[in-house]
Amino acid sequence: MRELRPHLQKAEEFIDRVQRQGRSGYRLVFLEANGEVSAAAGYRVLESLFSGKFLYVDDLVTRGRDRSRGYGGILLDWLVEEARRHGCENLELDSGVQRFDAHRFYFLKRMHISSYHFRLQLNQSKESK
């Protein structure tokens, strides 16, 4: 997860966030190869007026040295099946605009861009003021 979320370098902060999010349905899964975590995903099952019931992928990452070995695809396929097990109508995720390799991967997995994601930062750090 450090590769995908570099702002969460302290293990305690990461664990606190995962536990807090877990209380609202967040789940963390991983794929292990050769005794090490090679890919991980964080997800939750949600429902909205727009999407109906859907599985939202908060985090999906393959360790840098394990990319192009199929681990991300295996994990995404598992998430699709998990969505089906939960009776979801869709699987959705957001991806940073700079993540071109990830976008190519999602297109190969038959995903499409369905909307823009907008953000208004409310709590500015002291450095950005």
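## S38 and the sheet around it

Leaving out neighbours within four places in sequence, S38 touches L31, E32, A33, V61, T62, R63, D66 and Y71, where contact means heavy atoms within 4.5 Å. S38 itself sits in strand β2. Keep in mind that this is a predicted model: local features need pLDDT of at least 70, side-chain atom pairs count only at pLDDT 80 or more, and totals for chains, interfaces and linings use all residues. Residues are numbered from 1 along each chain as its sequence is written, and side-chain values use heavy atoms, with hydrogens and water left out.

- S38 is buried, at 2% relative accessible area; buried means under 20% relative accessible area, exposed over 50%, and partly exposed in between, using a 1.4 Å probe and protein chains only.

**The sheet**

- Four strands make up an open sheet in the order β1-β2-β3-β4, with mixed pairing. (Strands are DSSP runs of E with at least two residues, helices are runs of H or I with at least four, and both are numbered from the N terminus; two strands pair if DSSP finds at least two bridges between them.)
- β1 (27-33) and β4 (90-93) are the edge strands with a single partner each, so one side of each has no neighbour in the sheet.
- On average, neighbouring strands here are turned by 30° against each other, direction ignored. (Axes are lines fitted to C-alpha atoms, for helices over the stretch in contact, and angles run from 0 to 180 degrees between N-to-C directions.)

**Strand by strand**

- β1 pairs with β2 (residues 36-48) in the antiparallel sense, over seven bridges.
- β3 is mostly covered, with nine of its 11 residues buried.
- β3 and β4 run parallel and are joined by four bridges, and L55 has L91 in β4 as its bridge partner.
- The chain gets from β3 to β4 by way of α2, and this β-α-β crossover is right-handed. (That means that, with the strands pointing away from the viewer, the path from the first strand over the helix to the second runs clockwise.)

**Helix α2**

- α2 (residues 71-85) has 15 residues and reaches 21 Å from its first C-alpha to its last, close to the 21 Å expected at 1.5 Å a residue. (The expected span is 1.5 Å times one less than the number of residues.)
- Its buried residues are Y71, G72, G73, L75, L76, L79, E82 and A83. Their cover includes β1, β2, β3 (52-62), β4 and α3 (100-108).
- After α2 comes G87, with a positive phi near 70°.

**Aromatic pairs**

- Searching the whole structure turns up three aromatic pairs. (Rings of Phe, Tyr and Trp, the last by its six-membered ring, pair if their centres lie within 6.5 Å; planes under 30 degrees apart count as stacked, over 60 as edge-to-face and the rest as tilted.)
- One of them is Y43 with W78, an edge-to-face pair at 5.9 Å centre to centre and 70° between the planes. This pair links distant parts of the chain, with Y43 in strand β2 and W78 in helix α2, 35 residues apart.
- Y43 is buried at 6% relative accessibility, while W78 is partly exposed at 33%.
- Y116 and F118 have ring centres 6.2 Å apart and planes at 55°, so this pair is tilted. Both Y116 and F118 are exposed.
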